[in-house]
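Morning, everyone. Please look at the structure on the screen while I talk.

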Amino acid sequence: MQIGMIGLGKMGFNLALNLANNHHSVYGFDESSDARNRANENGIHIVESIDQMLINMQSPRVVWVMVPAGKPSEIVIEKLLEKMKADDIVIDGGNANYKDSIRRAALAEEKGIHFLDVGTSGGILGANQGACLMIGGRQEIFERIEPIFKSVSTQDGYLYAGESGSGHFLKMVHNGIEYGFMQAIGEGFQVLNQSQYDFDLAKIAAVWNNGSVIRSWLMELMESAFQKDARLEKIRGMVASSGEAKWTVETALDLEVPVPIIALSLMMRNQSLEEDSFSAKVVAALRNEFGGHRVLRK
């Protein structure tokens, strides 16, 4: 199939490669010339503007948006809804607030344009080799382009979640859980690091990931991080918050659901901006391992 990819950063670039490797014809655009050049060198058809992308593509067009949530995605999606035609499809694969996705789907529907909100997980590796996708929107539109999602997902790694907003709602809660997982791992390794024993933390992560109850991809990434920097001495324990856990906590308050672990993990990220703890170093290292998120070097 023919697909436009807007946003060729860490996730968008790797999704574009994944699509191309699965025999889709991909047109890529990014505001950054460096990002466009890198994609072009890797076989992606590059265009110089969104207008050029839409002109080059056959109708009905499918455009996948992978730009940061908030103002950047608002600008791009507004432009697409202005320029696209009835029966075209917009896929928002960024970490948008599900309420924005509901609003955007309604605006698109007024123009006969279809809108799918797609929560995207699996980090850079998943985007390139097999993502986990949570898809919201009209079911008949999902089914129409389901081969796209199947081709770029890991086995059994995509789900039609329901009506508009449900895909990003799932990703929001997923990321809230992720915050809690990483905080627990960070606190546990801080206890190990400050104990009287001279533990090899990389070896501990390795053995815990072989048969233990807490084995996971995060533990694999923890082993990788400790192999590169045995005591994480090269990075600062400062961890940014991208928004999803905050939205999860706010939604939980509206639903009167207690989420103390997720709420505290969010507070600990805020606290990490003021303190330089080992647990925060662990979380920062994990985010860098799976998502390429920036860490502050000492």
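Pro60 sits in the loop between α3 (50–56) and β4 (62–65). A cis peptide bond joins Ser59 to Pro60, with omega at about -5°. Helices (H or I, at least four residues) and strands (E, at least two) are DSSP runs, numbered from the N terminus.

This is a predicted model: local features need pLDDT of at least 70, side-chain atom pairs count only at pLDDT 80 or more, and totals for chains, interfaces and linings use all residues. Residues are numbered from 1 along each chain as its sequence is written, and side-chain values use heavy atoms, with hydrogens and water left out.

Another loop. His23 lies between α1 and β2 (25–29). His23 is not a glycine, yet its phi is positive, about 70°.

Now the domains. The protein chain is divided into domain 1 (2–163) and domain 2 (171–278); such bounds come from an automatic or database domain assignment. The C-alpha centres of domain 1 and domain 2 are 30 Å apart. In domain 1, 11 residues are in contact with 9 residues of domain 2. Contact means heavy atoms within 4.5 Å.

Next, pockets. Rolling a probe the size of a water molecule over the atoms shows where empty space is left.

How much space lies in the largest pocket? About 1,100 Å³. Volume here is the space filled by probe spheres set on the points, which are joined across faces, edges and corners. Of the 44 lining residues, Asn95, Ser242, Arg287, Gly291 and His293 are the closest to the centre of the largest pocket. Helix α9 gives the largest share of that lining, 7 residues. Domain 1 and domain 2 each supply at least three residues to the lining of the largest pocket. By class, that lining has 20 nonpolar, 16 polar and 8 charged residues. Ala, Val, Leu, Ile, Met, Phe, Trp, Tyr, Cys and Pro count as nonpolar, Asp, Glu, Lys and Arg as charged, and the others, Gly among them, as polar.

The second largest pocket has a volume of about 230 Å³. Its lining includes Ile6, Phe29, Asp30 and Lys79. Helix α4 (residues 71–83) gives the largest share, 4 residues.

Last, back to α9. How do α9 and α12 pack? At an angle of about 105°, with axes 8 Å apart. Axes are lines fitted to C-alpha atoms, for helices over the stretch in contact, and angles run from 0 to 180 degrees between N-to-C directions. So α9 and α12 are roughly perpendicular, a label for 65 to 115 degrees. Among the residues that meet are Phe169 and Tyr179 in α9, and Trp247 and Thr251 in α12.

Definitions and conventions: On a 1 Å grid over the protein atoms alone, a cavity is a set of points where a 1.4 Å probe fits but cannot get out, and a pocket is an open set with protein on both sides within 12 Å along at least five of seven lines; lining residues have an atom within 4 Å of a point. Angles under 35 degrees count as roughly parallel, over 145 as roughly antiparallel, 65 to 115 as roughly perpendicular and the rest as oblique.
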